[in-house]
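Okay, thanks for having me, everyone.

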Amino acid sequence: MIRLTAALILSAAAATAGDWSVSTLDSAGWAEAMAETGAPAPDGLPDGRVAVAAGDIQAAWYIAPTRRYAHGILGDAIEAAALRVKAANGAELTYDLPTNMVFEDRTPRIVDLDGDGANEVVTIRAAQRQGGGVAIYGLREGRLVEIAVNEFIGRGNRWLNIAALADITGDGKRDVAYVRTPHIGGALRLFSYDGDLNFVDEIQGFSNHAIGAREQRLSAVADIDGDGDMEIAVPSDNRQTLRLIDYQGGLVEVASVDLPGRVDGPVLAEGAGADARFVIRLIGGQIIEVSR
């Protein structure tokens, strides 16, 4: 858990929204906290990482680098043709994509979406003619299998970036949220998960990725109102405003905070209710805190 302390706060910016405000932090104190975790992926992508977790799936990473999808949205045109996981019994299992698809992603996400005690692996998959989509994998009878997908965007070289894997709707199960086409008029889309991905709602005007960058962690979740379910913090489509989105029968913006620069690094979250806060890296390396 990242602990924010008043000692790191150097100056206050003028930008506010309601009771939210922006302060500047000592950037030297945040390099370690903002660094990527996970070991480099063995036999995998040059910039890939291994995701780890407790449970039936204990590690996951992308393998089989390929140039068969020449999009290059994550800094190069090398994507992955396969997913590998390590099970609790030590077995390593692989899922190979068809030759018209890749994982246009750097690190898979391991999470128990439905709370049944078994982990799912959430990935970003892309098809040559249809662009990006979400694909979810899990273990079934000792095999790694695809268990849920949503629709592709519908056009090649169109991408999405995961924004949240958390209980947004308040039903006690984790939902899947992502920004569709974050570089060209991005929409924040929300899906519930019950073994299938079920569309819930979407709202326009977001970007959680800078085109050509490797960094994908430009969004976060926190329970900012203390009701037990999470809200999503996502930059606006120009990445100069932090938008806070709640589910209230549909996705609604409950606050927006203008920032003193453009987001290009991680958005980190801590606390709940009145103590919720976000630490964000801007272009140029400036670190700010959005808090109340």
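So, arginine 239: you'll find it in the loop that runs between β17 (231-235) and β18 (241-247). Keep in mind that this is a predicted model. As a reminder, most residues other than glycine have a negative phi. And is arginine 239 buried or exposed? It counts as buried, because its relative accessibility is 11% and the cut-off for buried is under 20%.

There's another one of these. Glutamate 141 also isn't a glycine, and its phi is positive, near 50°. This one lies in the loop between β10 and β11 (143-149). Its relative accessibility is 82%, so glutamate 141 counts as exposed.

One more loop residue, then I'll zoom out. Arginine 214 lies between β15 (197-206) and β16 (220-222), and at 34% relative accessibility it counts as partly exposed. What does it touch, if you leave aside neighbours within four places in sequence? Asp47, Leu74, Gly75, Asp76 and Arg106. Glycine 48 is 166 residues away from arginine 214 in sequence, yet their C-alpha atoms are 9.7 Å apart.

Okay, the whole chain. We've got 22 strands and one helix. Along the principal axes, the C-alpha atoms fill a box of roughly 55 × 40 × 35 Å. Of the 292 residues, 53% count as buried. On contacts, take pairs at least 6 apart in sequence: 50% of those contacts join residues at least 24 apart.

Now the inside. The largest nonpolar core has 22 residues, and Leu83, Val85, Phe103, Val121, Tyr137, Leu139 and Leu144 have the most contacts within it. Two or more residues each come from β4 (57-66), β5 (79-87), β7 (101-103), β9 (120-127) and β10 (131-140), with β5 giving the most, four residues. Then there's a second, separate core of 20 residues, with Ala222, Leu242, Ile288 and Val290 among them.

The chain exposes about 12000 Å², and 46% of that is supplied by carbon and sulfur atoms.

Definitions and conventions. Residues numbered from 1 in each chain as written. Predicted model: local features only at pLDDT ≥ 70, side-chain atom pairs only at ≥ 80, totals over all residues. Heavy atoms only, no water. Core = buried A, V, L, I, M, F, W, Y, C linked by side-chain atoms within 4.5 Å. Buried < 20%, exposed > 50% of the residue type's maximum accessible area, 1.4 Å probe, protein only. Contact = heavy atoms within 4.5 Å. Areas by Shrake-Rupley, 256 points an atom, 1.4 Å probe, with all protein chains shown as cover.
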